[in-house]
Amino acid sequence: MTSFIVNADFPAHRPRRNRRDDFTRRLVRENVLTVNDLIYPVFVMEGEGVREPVPSMPGVVRYSPDTVVEAAKECAALGIPVMAVFPVIDPSLKTPDGIEAVNPKGLVPRVVAQLKDAVPNLGVLTDVALDPYTSHGQDGVIDDEGYVLNEPTVEILTQQALVQAQAGVDIVAPSDMMDGRVGAIRTALEAEKFIYTRIMAYSAKYASAFYGPFRDAVGSAANLGKSNKATYQMDPANRNEALREVAADIREGADMVMVKPGMPYLDVLRDVKQAFGMPTYAYQVSGEYAMIKAAAANGWLDHDKVMMEALLAFKRAGADGILTYFAMDAARILKG
C-alpha cells in the first residue's frame, strides 16, 4: 500500500489548481497510454482475399492468410508492437482431441511463417489452446463424462507450442488453464533450443460470460453448446486464488502473465502487478468490446472517448499492455 504525506487543509491546498489548465493536467498526469501498450488480436481462416465480418463484433473481421499480412503491415506502420493470432478452424478438421493443433502445416504455423517473413519486426503471439480444434469446444481432451483431462491435454499443448515455435513465433500464450502446462512448455522449448521463445501465460483466466462474441468468431460456440469451462477456468468470485495461479506460472517459467477478462477484473490486475512486479497484461475481451460498440452505435456513448478511457483504466490498474480489438483505432488516435 502506498503511503502519502497529508496535504495542507483548504484553502492552502486546492486540488483544483492543478486541474485548471491543460498544460498542468498533462504535467501531473500519473498514467499515459501509448501505442507501445497495444496488442492487436486477429482471427485467421483459410481462403484468399477474405475479410469476413464478425456480426457480434462490429469492425472485427476474419482474415485469410494474405489479408492478415496486410493488417500486420498496417499494425507495424502504426507502431503496434505485437499481433495475436487466433485460428478459425474448418469444422472437418475438428476432432475430440484437437490434434490438428499440432499439425506443422496447419493454419497457424503457416500464418506465423508468413507474418514473420513479411513483417519481421512485428511481434507475433499465438494462442496455445485446443478449443478452436476440438469437436466439443472444450480446451482439452475429455473423458466419457465430458471432464477435461489435465495431463493428456498438457501433452498436446506442449506439442502445439513447439510447432508454433518452429514456425518462428515470438510469444506463445497458453490460454487453457491446465495445471502445469507452463512448466511443460518451458521444458520442451528449452530442450529444443527455443530459449528466446517467450511465454505469456493466461495465468488468471476466469470462467466468464464476457467471451461470447469471441467464441462466435472462432466457431467454438456451437460446439460448446450448453457446456461450460468452470472445471478449469477460475471462479469469478475468487481473488486470492488468482495470486496463487500467477505465482505457479512464474515459478514454471512464464515471462509475462495475463489477467482475463479485463475491466471487470481490474482489482485482480492490480493485485497481480503489486504482488509480483512481473510484466503483466490484460485482455479487453470480446464482450467488453461489443458492449462499447453497441452503446456507441445507439448514440449512448462517445465511441472514441470511452474506448480511450477504458484502455487508460488498464494502465492505471497496473497493466504493462492490453490485448484489445480497438488496437488499430486507438493507435490512429495516439499517432494523431
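Trainee: In which helix is Thr67 found?

Mentor: Helices (H or I, at least four residues) and strands (E, at least two) are DSSP runs, numbered from the N terminus. Thr67 belongs to helix H2, residues 65–78. Please note that this is a predicted model, in which local features need pLDDT of at least 70 and side-chain atom pairs count only at pLDDT 80 or more, while totals for chains, interfaces and linings use all residues. Residues are numbered from 1 along each chain as its sequence is written, and side-chain values use heavy atoms, with hydrogens and water left out.

Trainee: Which residues does Thr67 touch?

Mentor: Contact means heavy atoms within 4.5 Å. Leaving aside residues up to four places away in sequence, Thr67 touches Gly49, Val50 and Arg51.

Trainee: Where does Asn31 lie?

Mentor: Asn31 lies in the loop between helix H1 (22–27) and strand S1 (38–44). Asn31 is partly exposed because its relative accessible area is 25%.

Trainee: How many residues apart in sequence are Asn31 and Leu312?

Mentor: They are 281 residues apart in sequence, and 7.5 Å apart in space, C-alpha to C-alpha. Asn31 touches Leu312, Lys315 and Arg316, not counting residues up to four places away in sequence.

Trainee: What span does helix H10 reach from its first C-alpha to its last?

Mentor: The expected span of a helix is 1.5 Å times one less than its number of residues. H10 (residues 286–297) has 12 residues and reaches 16 Å, close to the 16 Å expected.

Trainee: How many residues of H10 are buried?

Mentor: Nine of the 12 are buried, and H10 is thus mostly covered. Among them are Tyr289, Ile292 and Lys293. The buried residues of H10 pack against helix H6 (212–218), strand S9 (280–284), helix H11 (303–317) and helix H12 (327–335). After H10 comes Gly299, with a positive phi near 80°.

Trainee: Which residues are buried in helix H9?

Mentor: In H9 (residues 266–276), the buried residues are Leu266, Val268, Leu269, Asp271 and Val272. They pack against strand S7 (198–205), helix H8 (240–252), strand S8 (256–260), S9 and H11. H9 is followed by Gly277, whose phi is positive, near 60°.

Methods:
Buried means under 20% relative accessible area, exposed over 50%, partly exposed in between (1.4 Å probe, protein chains only).
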